[in-house]
Amino acid sequence: MLSSRGNNNAQLHKIPWRYALPHTYDKETNPLGMISFGLAEHAPMRAEIANYINTKVKFNIASVAYGSGNDATARLQTAVAAHLDDVLKPIAPIDPEDVIVTSGATAIGSMLGFTLAESGDGILVSRPVYGRFELDYGVEAGVQMVYADTDTEEAFAPSVVEKYEIALKDAQTRSVQIRALLLVNPHNPVGRCYPKQTLTEILKFCNKHQLHIISDEIYASSVFDSGDPAAIPFTSILSLSSPELINPDLVHLLYGFSKDFASGGLHIGFLISQNKPLRQSCKAILRLHNASSAAITITTAILEDRAFVHDFTAKSQQSLASTYRTATSTLDREGIKYIKGGNAGFFIYIDLSPNLPPPESPTSPSEFALAQNLVNAGVFLHPCEEHGKKPGWFRLVFAHEEDVLREGLRRLCVWVFEIEKDNVIEYGMW
């Protein structure tokens, strides 16, 4: 006896593999536990943040009071603006008034879907892409992702706007109103940054069609030296989006603490927008998505300690560079293909298509069977999550402790070797 929305959302739990399996491995207490390569979290840096909170953060009355009764949020808005000025290098300094503090980037997706679009409208995005946007923008707001299919290289080239044009026209023929274009930069799951020229062409495309551009830059500081001299450096949309290029009211940026500060459990994120009516509309539903006063206290203390932020970021980038090289050197040695040129985020986009088994049924993708085989081997990769054009591509999160990463890669490679051996035997070539 639910509403149509309630019934639709209840069905999400019936979709196979819709939700990730938990990481249960521990070298000492549970050495046979599951190693999850599915959750994008920078595990090695969590202890550093937890130690800072335990030793440096002081709670006061405002930390446990309603935010409306004190100036804690205004203080955080100022700290966020200063931090993002440092990281994003915007054309003009960010006005603290343009910062909305929320319970995370996921909440912002829901708020923007609700505010910018009607139920059934679409948001344009190229794929492969992080699959949970379908939930972020869809569960509450009823907004659908409209995909522009691209090859990986094509997604980062200026010519990607041609694919956006095709997807936009196709949506119009299906009577789907496109309200915005969603950009993930640095990209999830490919782990690359967008070139300036491509970003410029995307901005022109959005201005031409009067589409809002939502730039998810939650990995902005998680850019590292991958050892590849051709890797593209990070460029924020705010460093390019001049009024001559696009109406500033169409540009909205997402940021948060879950990735760059290894603090997903804090549940705090930030929407940056000069669009005053949009901000007012978001504030009207902010009571459903507010950050806690305790999280605001913690986040403010961290961001105001600029020496700590710079030191933490440097350590984080060094850690990512180290584990990225561990993962890619292992994949290279074992002959597992992946998208090269990555230098950002926590993931590598790997190709396991040669190892796809026959589908379990006409309605069950081969990726489901492959994922189950991997689970049986003690390692989890999320199937069908990034919506690649070709089945068999998976996002592998490498941002683990070195021993955990090596053990997970060992399990993966042993499984791949056994599958290849079985295939050779089956075809009489072993």
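This report walks through the domains, sheets, helices and cores of the chain shown above. The model is a predicted one.

Let's start with the overall layout. Where they meet, domain 1 supplies 37 residues to the contact and domain 2 supplies 43 residues.

**The seven-stranded sheet**

An open sheet is built from 7 strands with mixed pairing, and the order across it is E2-E8-E7-E6-E5-E3-E4. At the edges are strand E2 (99-102) and strand E4 (144-149); each has a single partner strand, so one side of each has no neighbour in the sheet. On average, neighbouring strands here are turned by 25° against each other, direction ignored.

Helix H7 (residues 160-173) packs on this sheet, where it touches strand E3 (122-127), E4 and E5. The direction of H7 makes about 135° with that of E4.

| Strand pair | Sense | Bridges |
|---|---|---|
| E5 (residues 178-184) and E6 (residues 212-216) | parallel | 5 bridges |
| E2 and E8 (residues 269-273) | antiparallel | 4 bridges |
| E10 (residues 347-351) and E12 | antiparallel | 5 bridges |

Each pair can be located by residues that face one another. Leu 181 stands opposite Ile 213 in E6, Val 99 has Ile 272 in E8 as its bridge partner, and Tyr 349 stands opposite Arg 395 in E12.

**An enclosed helix**

Helix H4 (residues 105-116) has 12 residues and spans 16 Å from its first C-alpha to its last, close to the 16 Å expected at 1.5 Å a residue. Because 9 of its 12 residues are buried, H4 is largely enclosed by the rest of the structure. Among the buried residues are Ala 105, Ile 108, Met 111, Leu 112 and Leu 116.

**Nonpolar cores**

Which members of the largest nonpolar core touch the most other members? They are Ile 202, Ile 213, Ile 268 and Phe 270, out of 71 residues. Helix H3 (residues 72-88) gives the most to this core, with 7 residues. Both domains take part, as the core draws at least three residues from each of domain 1 and domain 2. Apart from it lies another core of 61 residues, including Ala 105, Ile 123, Leu 271 and Leu 412.

Gln 317 belongs to helix H11 (residues 306-334). Its relative accessible area is 25%, which makes Gln 317 partly exposed. Leaving aside residues up to four places away in sequence, Gln 317 touches Ser 221, Val 223 and Phe 224. Gln 317 and Ser 222 are 95 residues apart in sequence, yet their C-alpha atoms are 6.1 Å apart in space.

Note on methods: Residues numbered from 1 in each chain as written. Predicted model: local features only at pLDDT ≥ 70, side-chain atom pairs only at ≥ 80, totals over all residues. Heavy atoms only, no water. Pairing = 2+ DSSP bridges. Helix = DSSP H or I, 4+ residues; strand = E, 2+ residues; numbered from the N terminus. Axes fitted to C-alpha atoms, helices over the stretch in contact; angles between N-to-C directions. Contact = heavy atoms within 4.5 Å. Expected span 1.5 Å × (residues − 1). Buried < 20%, exposed > 50% of the residue type's maximum accessible area, 1.4 Å probe, protein only. Core = buried A, V, L, I, M, F, W, Y, C linked by side-chain atoms within 4.5 Å. Domains from an automatic or database assignment.
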